[in-house]
Structure formats: structure tokens, C-alpha cells
Amino acid sequence: MSAPNILLVDDEPSILRYTKTLLEISNYRVDTAASGEEALQRMNNGPAPNLIVLDMVMPGMDGLQTLENCKRIRPEQKVVMISCLNDTNKVVQAIKLGASDYVVKPFQLTQLQGAVQRALDSKATANVQATKYTVKEGEEVVDDLNDDCFFLAASPVMKQIRAQVALIAKVDVPVLLLGESGVGKEILARLIHKKSIRAHRSFLKVNCAALPADLLESELFGYEAGAFTGASKSKPGKFEIANKGTLLLDEIGEMSAPLQAKLLHVLQDGTFSRLGGRTNITADARILAATNIDVHKAIAEHRLREDLYYRLNAFTMTIPPLRERREEIPVLLRYFMNSMAEKFGKNPLPISEKLVQECLRFHWPGNLRELGNFVKRYLVLEDENMAIDELQAKGRGVELEPGDGTPASQSRGGLKAMVRSLKDDAEAKEIQRALDNTNWNRKRAAAHLNISYKALLYKIKQHGLSPVSGRDLGLRAIM
């Protein structure tokens, strides 16, 4: 197999020779260009290189302009940026334009080798769409985040997001995380923190939708003794506690307008004061914000300040819903089962092909959170047939449009509700009959019904059955 070909672009001859030597030592074939214009000419007239190593600061067409044009000619082209300037804004812009990595001059051989190898190894591209619902064993990438959390990337789009995290985590700017409820925005925030220079410091989360405005303000900024009734002693806020660390503002779209204004001031000036305080406190916490709302609609409706939005989204990451990355479902089922079984001290249950196929067909409106809860119920009840029946019943409650996996119109919801009610009544009567025939011996009744003992207890609670209710069911049947 031939060595990868790298096109090295730099306007300084000495740096060009030095970097070329470092790459050739690492067994790469290296061509050089002294300007962005020359690099583009090579791309238009010759075979595309496996990788472009591109200087950020050049006369004429600079590195960012060259990067943008390279991506226009060949969107899948891998590019590593190098620069003597550690300019946060330029680094963020390079990432947005599609740079695979960046290295700051002066760099060591190992730094350059690492960036080049990561870019060459990366297979995630923005234009790749998954066509199969299978992922081979070992193809997924998993980051253990502690606190029973893990970030899993098995689909091309999630691998691309993980590659972006590796870059943006090193740049100390706010990041706005978008996506439906339950897609894993907090997990992504924890991954950014883990890969950042603040990883050894604290990671704190504040749910902006869980507290009234006054309480949320004191939660964020703290208060002094006597600031309000009941404030007998001073208390630091989350901004102080997260100093030098990372602060996740979850559901940022639910924050009140006055508090949004104060937050904007803190982001701009880096200072704030406690409630009732007279002195300013310096805030050095990296801010990550998450929301599931349509931010542009919220701005138009004046529910979200436009200037706050632009302050928060120095870089934006959007996590797709689970129905758009279904190939990850089998892998997620396995990881959820193993992690939950370990947590609850149980043996993992088998994940059959039938169960996997039912999960692939389901639309998962609650995304990862709903999938995790599904696995948890299956682990507790130990009854695969019941788990599948529940999934099928929920799927019938919300039909899917053919092909796109999104909920269809529920205009016939009344008829479906009636059918489900009749089904539940029939199930309750059958379970009640088995219990009465065994004199409420639950183990014998479960064996008669061919379900597990735990599943029977769940159904008894679900239908509110008791020895007395059996007489009521019989009475209703006679009437």
C-alpha cells in the first residue's frame, strides 16, 4: 500500500522545508505549494491529495480563503491548519469551514504526526448518509464519561460530531447545543468538558426551565445574607462554583428576558454581583448552552434575545434525533443493557434479533432517554415478549409516515384509543381469571399465563387488580 500523499502549503520557504522534512520522516509523500492560489491550481489540474496541510496566515489568499475554496472544489477533502497565531476566532472559523484539525507553531513532531494521522483516519463526512441499520462489532467509538454516562458514535454523523468535539473542546469559547429532547445534549456537553483544558475542574449543570426566575437568578449568581427573606447567610452561585470549570445552561430558551440580559452582561464583561452584593465577582467558567426549541422562531417571537444567541453560538452543534441514525440502535441497546445490568447488579438479558427489529421500526420520540428507559423496563421485568408488545402498542398509537420515520396525523386517535381500551379490558379479565383460579397464587398464575412473575406483578399494578376487583370485573361482564 502506497504512502498517503500530502500537499503542504506555506509561504515561508524555511517553514516549508522544515515541515516537509518532518512529514517525510513520518513516511508520507509530500508535495509543496507556496501560496493558496498555487494549491487550488494543483487541486484543479492534478489528482487530489489525501491531505492538505495548510498555513493560516499567507499573503494574497490566506489560509481560511484557501480552505473555503478547497472545500468548494472537493467537499470531502481533509485539511489540517497550521498557524503561528492561536487566534480563537480564526480557529473556530476554520472548524466551521471544515478543517479536520489545527496545530499551532512552533510545533513538535508528535503534535504534527497526531493531527495528520487523526485527519487521515477520520471517515466521518458531512455528506455521508447511513443506508443500513447495522454496525459491525467494534466500529463504534465510546467515551466513558463517568456518572453512568457514555457518548457513543457509531453512525457517520455522530462520528463527525465527535471529531468536531475534539477540535472545539480545545478552544475556550461558548458552544450552543441544539436538538430534540432526549438526544443527548448533556452527554455531548460532558464530552466537550472532558476533552477541554478544564477537564480537571468541575462540570456543573443548571436547568433553566426547572426554577422560577428569582430562584434561578440566585442559583446562578448566589446571594448575600439579608438579600431576601430567609437568606440568613451568603451563598455562592453556580458561576462561582464552576470557576475555571464548565457550566451547562440547559433549556436556555426558557430563561426569562431580564435574566437573559444579566447573563449577556456576564458573558460580555466576565463579571457579576451576587443578589444583595455590592462588589463585582470575576466569572471564569466556560459556558455551554443547550435547548430543544427553534431558536430562530424564539428570536422572532422575542422569547430569546438575539444578542444573547449570537454570544452563545460561537460554535453550534446540532444532534440529530435517533430516528435519523437508526443504525446506532442495536449498539445502543447492547451498551444500555450492559451498563444498567452492572448498575443494578443483574446479569444482562439477551438482545434478540426480533427485539432489535422492533426497536428499529419504532420512531423513538423521546430519543436516547426513551430507549434507555425501555431497556431498563425490559431488564426489570425480564420478559422480552411484554417489552415488544408494549413497543408495538406505542407504535400503533402514533403511526409513521412511510419512509421518513416521523409521526403521521392522529385523526383516527379516537378509534385507536377505543381499541386499546378494549384490549386492556380483555387482558385485565384474563389475568384476573388466572389469579382467581389459582386463589391468587401469583407464581402459579404467571406460569399459567406464560409470563414472568415480575411481569405479572407489573400487570397487576397497571390494571389495579385485586381479589375484590375480580368480582367487579365479573359483574361488568354479566351486565
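Colleague: Which residues does Asp55 touch, not counting those up to four places away in sequence?

Modeller: In this predicted model, Asp55 touches Val9, Asp10, Asp11, Gly63, Met81, Ile82, Ser83 and Lys105, once residues up to four places away in sequence are set aside.

Colleague: And is Asp55 buried or exposed?

Modeller: Asp55 counts as buried, because its relative accessibility is 2% and the cut-off for buried is under 20%. As for its place in the fold, Asp55 lies in strand 3, which covers residues 51–55.

Colleague: Which side chain has a polar contact with the side chain of Asp55?

Modeller: That is Lys105, whose side chain is joined to the side chain of Asp55 by a polar contact of 3.3 Å.

Colleague: Ser83 was on your list too, so where does Ser83 lie, and what is it in contact with beyond its neighbours within four places in sequence?

Modeller: Ser83 lies in strand 4, residues 79–83, and, with those sequence neighbours left aside, Ser83 is in contact with Asp55, Met56, Val57, Val103, Val104 and Lys105. Ser83 is also buried, since its relative accessible area is 4%, where buried means under 20%.

Colleague: Changing topic: how do helix 3 and helix 4 pack?

Modeller: Helix 3 (residues 63–73) and helix 4 (residues 88–97) pack with their axes 10 Å apart and at an angle of about 5°, which means that helix 3 is roughly parallel to helix 4, given that angles under 35 degrees count as roughly parallel.

Colleague: Which residues make that contact?

Modeller: On the helix 3 side the contact is made by Leu64, Leu67, Glu68 and Lys71, and on the helix 4 side by Lys90, Gln93, Ala94 and Leu97. Sorted by class, the contact of helix 3 with helix 4 has 4 nonpolar, 1 polar and 3 charged residues.

Colleague: What about the largest nonpolar core, how many residues has it?

Modeller: The largest nonpolar core has 49 residues, and those with the most contacts inside it are Met81, Phe151, Ile168, Leu188 and Met317. Taking Leu188 as one of these, and leaving aside neighbours within four places in sequence, Leu188 is in contact with Phe151, Ile161, Val165, Leu177, Met317 and Ile319. There is also a second, separate core of 32 residues, which includes Val206, Leu220, Met255 and Leu259.

Colleague: Lastly, the whole chain: how many helices and strands?

Modeller: The chain has 20 helices and 14 strands, and 44% of its 479 residues count as buried. Among contacts between residues at least 6 apart in sequence, 69% join residues at least 24 apart.

Definitions and conventions:
Residues numbered from 1 in each chain as written. Predicted model: local features only at pLDDT ≥ 70, side-chain atom pairs only at ≥ 80, totals over all residues. Heavy atoms only, no water. Helix = DSSP H or I, 4+ residues; strand = E, 2+ residues; numbered from the N terminus. Buried < 20%, exposed > 50% of the residue type's maximum accessible area, 1.4 Å probe, protein only. Polar contact = N/O pair within 3.5 Å; in protein donor to acceptor, adjacent residues only side chain to side chain. Contact = heavy atoms within 4.5 Å. Axes fitted to C-alpha atoms, helices over the stretch in contact; angles between N-to-C directions. Parallel < 35°, antiparallel > 145°, perpendicular 65-115°, else oblique. Nonpolar A, V, L, I, M, F, W, Y, C, P; charged D, E, K, R; others polar. Core = buried A, V, L, I, M, F, W, Y, C linked by side-chain atoms within 4.5 Å.
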